[in-house]
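Biologist: Hi! Could you walk me through the strands in this one?

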Amino acid sequence: MDTSNPAAFVNAEFLKEHVGRRVRAVVQVMQSDGDTVIGKSTDEKQLVVKGYPPNPLSTFVEVIGIADTTQSIQAETWTNFGDTLDVTSYDKVCRLANGDHKHLFI
């Protein structure tokens with residue numbers, strides 16, 4: 001596994017701490033218009049994901065890319081996560097990865 005350029009687990013709240021860095025986030029797709037997806041983060045806030053998503057998109061998508069603003073990600077990788085997801089659990093992972101247990105995450 002390549003650990004030279006890790007992607008931090010983020011929700012919309014933590015995205016602002018990682019602008020310019022590589023991140024990973026899960027969003028619930030609310031709108032897609034070709035090269036931009038507007039979605040709801042696991043903490044219920046809006047995120048914009050830029051890039052070229054797979055077709056078709058599932059309801060939940062994980063994106064890995066560069067946080068280019070406090071509310072948007074330039075996606076490198078898109079992964080369909082299906083139409084159901086326990087967003088509360090994923091959001092807890094984001095909180096652990098950005099809190100006291102940060103050292104446990106790459």
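Biologist: How many bridges join strand 2 to strand 3?
Modeller: There are 5, and the two strands run antiparallel. Strands here are DSSP runs of E with at least two residues, numbered from the N terminus, and two strands pair if DSSP finds at least two bridges between them. This is a predicted model, where local features need pLDDT of at least 70, side-chain atom pairs count only at pLDDT 80 or more, and totals for chains, interfaces and linings use all residues. Residues are numbered from 1 along each chain as its sequence is written, and side-chain values use heavy atoms, with hydrogens and water left out.

Biologist: Which residue stands opposite Ser32 in strand 3?
Modeller: That's Val37. Strands 2 and 3 form a hairpin with 3 residues between them, and Gly34 in that turn has a positive phi of about 95 degrees.

Biologist: In what sense do strand 2 and strand 5 pair?
Modeller: Antiparallel, over 7 bridges. Gln28 faces Phe60 of strand 5, and Arg24 stands opposite Ile64.

Biologist: What is the bridge partner of Phe9 in strand 2?
Modeller: Arg24 again. Strand 1 (residues 8–9) pairs with strand 2 (residues 22–32) in the parallel sense, over 2 bridges.

Biologist: New topic: why is strand 5 largely enclosed by the rest of the structure?
Modeller: Because 7 of its 10 residues are buried (under 20% relative accessible area, with a 1.4 Å probe and protein chains only).

Biologist: And how many residues are in the hairpin that joins strand 5 to strand 6?
Modeller: The link has 2 residues. Those strands pair antiparallel over 9 bridges, with Gly65 opposite Ala75.

Technical notes. Helices (H or I, at least four residues) and strands (E, at least two) are DSSP runs, numbered from the N terminus. Buried means under 20% relative accessible area, exposed over 50%, partly exposed in between (1.4 Å probe, protein chains only).
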